[in-house]
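Subject: Two-chain model and notes

Hello,

Here is the structure I said I would pass on. Please open it and keep it beside these notes as you read.

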Amino acid sequence: MARAIPANGELFLRLYIAGHSPNSVLAMANAKAICSEHFASRYKLEIIDLLQDPDRALADGVIVTPTLIKVAPLPVQKIIGTLADKSQVVLALGGT
Amino acid sequence: MNPIEALKVQGLTQRLAEAEATIQALISGQIDAVVIPGTANPVLLIEAQRALQQSEARANCERDRAQQFLDAAEVILLASDLDCRVTLINRYGASVVGWAPSEMIGMSWIDHFIPERFRLEALEGWEGIIGGDLSVVEGVVLTRNGQERIIEWRNTTLTDDAGKVIGAFSCGTDVTERNAISRALRRTEERFRFALEASGVGIWDMNYVTGELSWSDILAAQYGATPGSVKSFESFLGYVHEDDLPKLLDVLSEGAKSGEDFKLAHRIVWADGTIRWLISGGRIHRDADGKPTRAIGISLDVTERRMLEDQLQQGQKMEAIGRLASGVAHDFNNLLTVILGFSDMLAGEILPESPQGRDLAEIVKASHRAAGLTGQLLAFSRQQVMQTVSIDLNKLIGDMSGMLERLIGEKIDISHKLQFDLPPVSGDRGQIEQVIMNLVVNARDAMPDGGTVRIETEIVEIKKTTFPGETVEAGPFVVMAIRDTGSGMTQETQRRLFEPFYTTKESGKGTGLGLSTTYGIVKQSKGHISVSSELGKGTMFNVYLPIGDRKNVPSVPYVAATRSSNQHSTTILLVEDEIGVRTLVARILTSAGYRVLQAANGEAAEKLFETDGKSIDLVVTDVVMPGSDGPTMFARFQLKAPRLKVLYMSGYTDHPVALQAGFGTESPYLKKPFTSSDLLKHVQFALNSTVREEAAT
């Protein structure tokens, strides 16, 4: 599979989780796998534990976990769930 | 659409897409947490929520299960608050009082479920429970339909976290039926115990494994032992009479082998030597291998019963011997009458000093001795002719004392203790004299080395039960006790003492008729005799005689043995079935100058009476004959010839026929055997007597 390359510069993702809840752990693992596989080192993944930092959810308009937000490049995309359907995630992130 | 609107539409679309994705994720279970803005903890973990829900469900489930347990329990489970209001009741508890559990919550237990008369008491009890008194109590509860049940309660206090009492938890068992059963059981037990005590039945129980033996108190009493003192089979065996021990062990081992009930009569010996008769019975239980494990049984003291049976048997034996003796004596008397009569007649023809005369005198002497013996036999069998009069017993004893002193010799003292103002006794003077003499002679023979004879009289009251096995007319009797200080008698001798021909004296020294004669005389006098004796200490006979009439003056008819002048014109009808006696009497009467008509029985006599009746002055007849008896026959003659006179001859007095004829002191009666002068005296007396019918008019 070819490397997914963001169209406009570096890929910046934020994954919102709730501690070690099973879906959050799953989403974290899936996100890391997808990024390293499709975007090599040209990405940045920020993981935000809402149990530690609930205010961030309010600021970013997150209402459930796990939620993955593609902050850059624009447009901002929200992907909700465990990120199990990797091809759909890669597509949403603008990869191929 | 301008670009701003287009952006708005795009934003809305995106949010819709996000909302849809969120719902999808929620549905597919990919969501961990939901953020709820404006709350203290805005992130609500779905997992935690679920866990909470699960734990609540589990708690509910456990509560349900606990309730099920509560409901399944066949005991009343009741929780109450401090005011004794129901806070929890299981289904069973509610069913006992006839309510639904939900109805009862909040109701005051005391006001609704306790009968009014017990409420005060219940309130005090409740205060006690709250105060910490947790003893088991029984109480009455009231059901919805007004019935009462008895409940046994166990209580515990309920406390809050701080340890403060907030109520009580009670567990109740309905014991109404149980109490009724145990009451019934107690009653049954009581009855059973009463039955055992009243019937004197003792119970024993033996454990073969431990060797332990347990006796009821009654059983211990039967053995003369203190309750609880006999605890082993061995100590029981120590009481068994040695002669009965082998039989008892046999029966027990047979019972252990067969497992069947056993029963036997045996003797036991008390610590003080008293011998008792017991009937013991029981059953031996065995294990699967047939080894005895336990035996239980009963025991009954039958000493008195055996004594009574013994006495009854003895009485029956005496009766039988009496009948036999009387039969023999009666026939023998007829023979002696013939021998003595013909000897008498021979004596008139032979010189007394001649050798034949001396021989004849020997025959007469021997015949008189034989007559004496048959007289004694008849006395024993109570068939002697009695002349019953009232006798002053004290005076009689006094009159006899000189003779008795000579009789007993110098080595023996005789003393009296006679009750003052003793009522007269009823009896035959001669026979009572014989009783005293026989008993004093018996006392003398028991004291070959000397001693004391004491004669006592007093008046006593006797009961129907005083002489077991005898017919007793209860009332006052005069008792004469004759007591010696001699060798005493064994039990066996005491038992057989009154049997004819039973003697402990050396052969030839006693006839064995003395005491049996005494017995017969006392019985014929409607009295009783008893004996008590102890080996080495002496013997006491008690003679009980009925009280006679103080006014009854004895009158003994006196007849001179002279021949009257008119006898030659007198005709006598002689009726006697025994040919020897008839021939003899006919010869005596004929040789005395009477005209004698002879008949062998009543029928022949009646024929003679029909043809020659007018000439007959006197009927001399046997009493007991085959066919028509003497008195019946005479009664018929008397209808035709009221002035006809009679003289009866017999050896019996208490034969039914003789009794019917009204024999007594006034009856013209001749006792067999008799001499010719006896006969002539009585014939003369009968001819001179006035006929009863005449006396009555």
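This is a predicted model: local features need pLDDT of at least 70, side-chain atom pairs count only at pLDDT 80 or more; totals for chains, interfaces and linings use all residues.

Residues are numbered from 1 along each chain as its sequence is written, chains are lettered from A and ligands numbered from 1 in the order in which they are written, and side-chain values use heavy atoms, with hydrogens and water left out.

The interface

The size of an interface is often given as the accessible area lost when the parts come together. Here chain A and chain B bury about 1,600 Å² between them, 62% of it on carbon and sulfur atoms. Buried area is the accessible area (1.4 Å probe) that two parts lose on being put together, summed over both. On the chain A side, A:Asn23, A:Ile63 and A:Ile80 lose the most area to chain B, together 29% of what that side buries.

The contact (heavy atoms within 4.5 Å) takes 21 residues from chain A and 17 residues from chain B. Between the chains there are ten residue pairs in polar contact, both residues at pLDDT 80 or more. A polar contact is a pair of N or O atoms within 3.5 Å; within protein, one must be able to donate a hydrogen and the other to accept it, and residues adjacent in sequence count only if both atoms are side-chain atoms. The elements that give two or more residues to the chain A side are helix H1 (22-38), helix H2 (54-60), strand E3 (64-65) and strand E5 (77-80) of chain A. Helices (H or I, at least four residues) and strands (E, at least two) are DSSP runs, numbered from the N terminus.

The rule finds one salt bridge across the interface: B:Glu18 with A:Lys78, the closest N and O atoms being 3.1 Å apart. A salt bridge is a side-chain nitrogen of Lys or Arg within 4 Å of a carboxyl oxygen of Asp or Glu.

Strands also pair between the chains, pairing being counted if DSSP finds at least two bridges. Two bridges join E3(A) to strand E1 (residues 33-35) of chain B, and these strands run antiparallel. A:Val64 has B:Val34 as its bridge partner.

The sheet of chain B

Chain B has an open sheet of five strands, ordered E4-E3-E7-E6-E5, with antiparallel pairing. Strand E4 (86-89) and strand E5 (137-142) of chain B stand at the edges, each with a single partner strand, so one side of each has no neighbour in the sheet.

- Strand E3 (residues 76-81) of chain B pairs with E4(B) over three bridges, and B:Leu78 stands opposite B:Ile89.
- E3(B) is joined to E7(B) by six bridges, with B:Asp81 opposite B:Gly167.
- E6(B) is joined to E7(B) by nine bridges, and B:Trp153 has B:Gly172 as its partner.
- E6(B) and E7(B) form a hairpin with five residues between them, and B:Gly163 in the turn has a positive phi of about 90°.

Helix H7 (residues 176-199) of chain B lies across E5, E6 and E7 of chain B, running at about 125° to E6(B). Axes are lines fitted to C-alpha atoms, for helices over the stretch in contact, and angles run from 0 to 180 degrees between N-to-C directions.

Further along chain B

Strand E8 (residues 201-207) of chain B pairs antiparallel with strand E12 (residues 292-301) of chain B over seven bridges.

Regards
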